[in-house]
Amino acid sequence: MEKVLNITKNQLDALREVGNIGSGNAATALAQFLNRKIDMTVPNVAIMELNEIPKIVGGPKQTILGIFLRIMGEISGRFLLFIPESTSIKMLKYLIPNSNIESLTKIDEIESSCLRELANILAGAFLNALSVLTKTTMLNSLPYMNFDYAGAIIDNVVADMTAVSDKVLMIETSLIEEKEDLLLHIFILPAPNSLELLLDRIGVSN
């Protein structure tokens with residue numbers, strides 16, 4: 001993992017552009033899915049502790065919807081989608097106009113399927129962009145979804161990564177629908193042994 005910790009500024013800038021391209025694809029897919037204009041923030045790229053991720057969404061005790069997918073292929077890792085409860089409810093009401101949902105603790109199977117499909121679309125759009133950029137096939141697993149504290153979700157879905165390292169490379173962006181104050185956080189966590197290949201494929205290897 002030392003190579004990750006010693007990553008250069010040029011490499012971070014290149015990875016930020018990777019995040020920009022992937023996030024742009026994801027924002028376009030979300031806009032089409034919801035039939036709304038979606039903007040995105042400039043991606044943030046950082047080396048961080050796994051347990052620091054919940055701070056970005058309000059702290060480890062912040063209750064959120066967390067959706068987790070594995071990235072599979074030569075370049076592997078994790079795709080995390082963090083959605084505040086209020087955003088999840090608003091999106092469900094866009095997709096299911098007759099829905100009277102008020103809490104994610106009471107969603108039915110159709111509503112649950114809609115949220116999983118949203119994650120599939122965002123992950124697929126992001127990874128398709130990365131596949132083209134790196135000329136490497138990248139697939140995503142079926143999504144795992146949980147409504148819980150942000151800290152608990154991180155503990156559950158990336159616990160196996162701590163066996164390799166307690167630090168990760170994070171590419172994070174936010175997707176925003178301004179009028180309705182929608183906010184989603186996307187995190188891409190490449191596996192440490194995939195980072196060197198990723199850097200090589202985007203032309204900034206050591």
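A nonpolar core is understood here as a set of buried Ala, Val, Leu, Ile, Met, Phe, Trp, Tyr and Cys residues that are joined through side-chain atoms within 4.5 Å. In this predicted model, the largest such core comprises 50 residues, of which Leu15, Phe79, Leu81, Leu122, Leu175 and Leu184 touch the most other members. At least two residues of this core are supplied by each of the helices α2 (9-34), α3 (85-95), α4 (109-134) and α6 (192-201), and likewise by each of the strands β3 (63-73), β4 (77-84), β7 (167-177) and β8 (182-190). Apart from this core lies another, of 13 residues, which includes Val57, Phe68, Ile154 and Leu189.

The surroundings of Phe79 illustrate the packing in more detail. When neighbours within four places in sequence are left aside, Phe79 is in contact with Ile67, Phe68, Leu69 and Ile71, with Leu122, Ala123 and Phe126, and with Ile186, Phe187 and Ile188.

The N-terminal end of α4 is capped by Asp108, a side-chain oxygen of which lies 3.1 Å from the backbone nitrogen of Ile110. After α4 comes Lys135, whose phi is positive, near 55 degrees.

In α3, the buried residues are Thr87, Ser88, Ile89, Met91, Leu92 and Tyr94, and these pack against the helices α2 and α4 as well as the strands β3, β4 and β8. The loop between α3 and α4 holds Ser103, which is classed as buried because its relative accessible area of 19% falls under the 20% limit. The side chains of Ser103 and Glu85 are joined by a polar contact of 3.4 Å, and, when residues up to four places away in sequence are not counted, Ser103 touches Glu85 and Ile89.

Asn35, by contrast, is exposed, with a relative accessible area of 70%, and is placed in the loop between α2 and β1 (39-40). Although Asn35 and Ile176 are 141 residues apart along the chain, their C-alpha atoms are separated by 13 Å.

The structure holds one cavity of 30 Å³ or more, and the volume of the largest cavity is about 60 Å³. Its lining is formed by Val18, Ile71, Ile75, Ser76, Gly77, Leu130, Met138, Ile171, Ile188, Pro190 and Leu198.

Notes. Residues numbered from 1 in each chain as written. Predicted model: local features only at pLDDT ≥ 70, side-chain atom pairs only at ≥ 80, totals over all residues. Heavy atoms only, no water. Buried < 20%, exposed > 50% of the residue type's maximum accessible area, 1.4 Å probe, protein only. Helix = DSSP H or I, 4+ residues; strand = E, 2+ residues; numbered from the N terminus. Contact = heavy atoms within 4.5 Å. Polar contact = N/O pair within 3.5 Å; in protein donor to acceptor, adjacent residues only side chain to side chain. 1 Å grid on protein atoms, 1.4 Å probe; cavity = no way out; pocket = protein on both sides within 12 Å on 5 of 7 lines; lining within 4 Å. Points joined across faces, edges and corners; volume = space filled by probe spheres on them.
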